[in-house]
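Let's read a protein model together, one feature at a time.

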Amino acid sequence: MNVGNAFQLGYSATGRSIDMYGQGTLNTGLTAERGPETDNAQHKGEQLAERRVLFMGLPRSGKTSILKVIFEGVLAYDTLSLMPTQQRTEYRLLTGVTVYDFPGIDDYSDTQYSVTNPEIYAGEHTSLVFVIDSQSDIQSSLTTLFTLMRVAQSVNPQLPINVFVNKVDGLSDELKQDIQQDIQQRVTKNMGYENLNVAFVHVFLTTIYDQSIREALSRVVQYLVPKHGSLETILNSFCSKSSLDKVFLFDVVTKMYLATDSSPTYSPQYIFACQTLDMMEEITFMCSGFMQTSDEDAVLQRINVELEGNDDLFIYQISPFLMLLCVGSPEIVRQTSLLEFNGSRVAKAIRQILPC
């Protein structure tokens with residue numbers, strides 16, 4: 001498979017302005033004409049994107065590290081020296097979803113979080129992610145979270161609230177589960193006391209040292225993708241007609257899945273897919289000196305990945321930025337003619353929904 005076009009993009013950063021897809025510029029509050037803007041000036045009268053994820057949390061909770069690893073390709077160990085976030089940063093996905101990284105909440109009177117600006121939580125395509133440091137003061141984080149939930153649900157009772165219990169690396173599996181269950185119970189109990197809607201609260205265990213951050217954010221973002229229901233229906237049909245176990249629609253740049261079929265998603269399947277993309281990226285990097293390709297020459301490609309296990313992987317490249325990753329039994333995945341035929345039909349339908 002020619003994966004050079006899919007992975008040669010990388011992340012070319014100039015200052016704090018990043019173009020993830022080669023189609024636009026990431027807005028980080030810096031402008032070429034005026035330089036850095038102050039936080040108050042940046043937000044005054046500004047409208048947020050219609051489809052948005054709001055990343056919030058206490059300082060040093062790890063929310064900026066999560067986003068830098070996913071969107072900027074920063075190595076996990078290099079985030080240890082990051083300075084605290086001073087300005088709101090936004091990352092625009094190919095699907096039109098924008099992820100906002102807000103500065104850590106030191107003082108709740110800050111105008112970007114206070115009750116004077118509840119409209120940031122409004123809208124049916126808004127989702128809140130609150131990051132908690134599992135190895136720090138959990139109670140302080142929960143107190144801030146409860147305040148945010150009261151403000152947010154006062155204007156948007158159906159706002160999805162996603163709690164990322166972060167920095168769980170180094171903790172035993174038993175301790176991880178205990179922390180997750182404790183936070184889930186305390187959040188549910190508090191929301192019950194205040195008659196808040198608990199149906200849209202989800203708790204995830206995350207760490208920047210594995211794929212848990214990408215999997216958690218994928219689960220948040222996929223419901224904000226335009227025509228999410230249609231994409232799920234297309235992938236369900238692909239699974240059924242091709243006898244596949246699981247299909248992911250992957251964003252190649254971030255390694256997040258933007259849609260999947262309606263069957264249960266298991267972490268090993270997603271990790272398997274991510275590891276395969278990592279392997280392909282490394283092979284492409286090693287061969288880059290021998291491969292001269294350009295975006296104009298990009299064509300649809302497909303590949304079979306066979307491992308010693310129960311699952312094989314079939315990959316169908318829709319565009320330089322989107323791929324179908326199909327998990328199935330070796331007998332099914334080896335039927336390349338059927339998969340290529342169905343994959344071409346699915347790719348055509350997806351191109352009519354999403355920009356490629």
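Q: Which residues make the nonpolar surface patch of about 380 Å²?

A: Patches are built from residues with over 30% relative accessible area and no salt bridge, joining like charges within 9 Å and nonpolar side chains (Val, Leu, Ile, Met, Phe, Trp, Tyr) within 5 Å. The areas come from the Shrake-Rupley method with a 1.4 Å probe, and for residues only the protein chains shown count as cover. Here Y77, L80 and Y209 make a nonpolar patch of about 380 Å². A word on the source: this is a predicted model, where local features need pLDDT of at least 70 and side-chain atom pairs count only at pLDDT 80 or more, while totals for chains, interfaces and linings use all residues. Residues are numbered from 1 along each chain as its sequence is written, and side-chain values use heavy atoms, with hydrogens and water left out.

Q: How many residues of α6 are buried?

A: Nine of the 10 residues in α6 are buried, which leaves the helix mostly covered. Among them are I213, R214, E215 and L217.

Q: How do I read a nonpolar core, and which residues touch the most other members of the largest one?

A: In soluble globular proteins, nonpolar side chains tend to be buried together. A nonpolar core is a set of buried Ala, Val, Leu, Ile, Met, Phe, Trp, Tyr and Cys residues joined through side-chain atoms within 4.5 Å. The largest core here has 51 residues, and F55 and L324 touch the most other members. Apart from that core lies another, of 33 residues, including L54, Y121, L145 and L196.

Q: What does L324 touch?

A: Contact means heavy atoms within 4.5 Å. Not counting residues up to four places away in sequence, the partners of L324 include L235, F238, V247, F314 and I350.

Q: How many salt bridges does the count come to?

A: Side chains of opposite charge can pair when their charged atoms come close. A salt bridge is a side-chain nitrogen of Lys or Arg within 4 Å of a carboxyl oxygen of Asp or Glu. By this rule there are 10 salt bridges. In one of them, E194 and R150 meet at 2.9 Å, N to O. The pair links distant parts of the chain, 44 residues apart: E194 is in the loop between α5 (173-193) and β10, and R150 is in helix α4. E194 is partly exposed at 29%, and R150 is partly exposed at 36%.

Q: Where do D182 and R186 lie?

A: Both are in helix α5, four residues apart, about one turn of the helix.

Q: What does D278 form a salt bridge with?

A: The partner of D278 is K255, and their closest N and O atoms are 3.5 Å apart. D278 lies in helix α8 (residues 267-287) and K255 in the loop between β11 (246-251) and β12 (256-260), so the pair ties together parts 23 residues apart in sequence. D278 is partly exposed at 25%, whereas K255 is buried at 8%.

Q: Which polar contact does the side chain of S127 make?

A: A polar contact is a pair of N or O atoms within 3.5 Å; within protein, one must be able to donate a hydrogen and the other to accept it, and residues adjacent in sequence count only if both atoms are side-chain atoms. The side chain of S127 makes such a contact with the side chain of N162, at 2.9 Å. S127 is found in strand β8 (residues 126-133) and is buried, with a relative accessible area of 2%.

Methods:
Buried < 20%, exposed > 50% of the residue type's maximum accessible area, 1.4 Å probe, protein only. Helix = DSSP H or I, 4+ residues; strand = E, 2+ residues; numbered from the N terminus.
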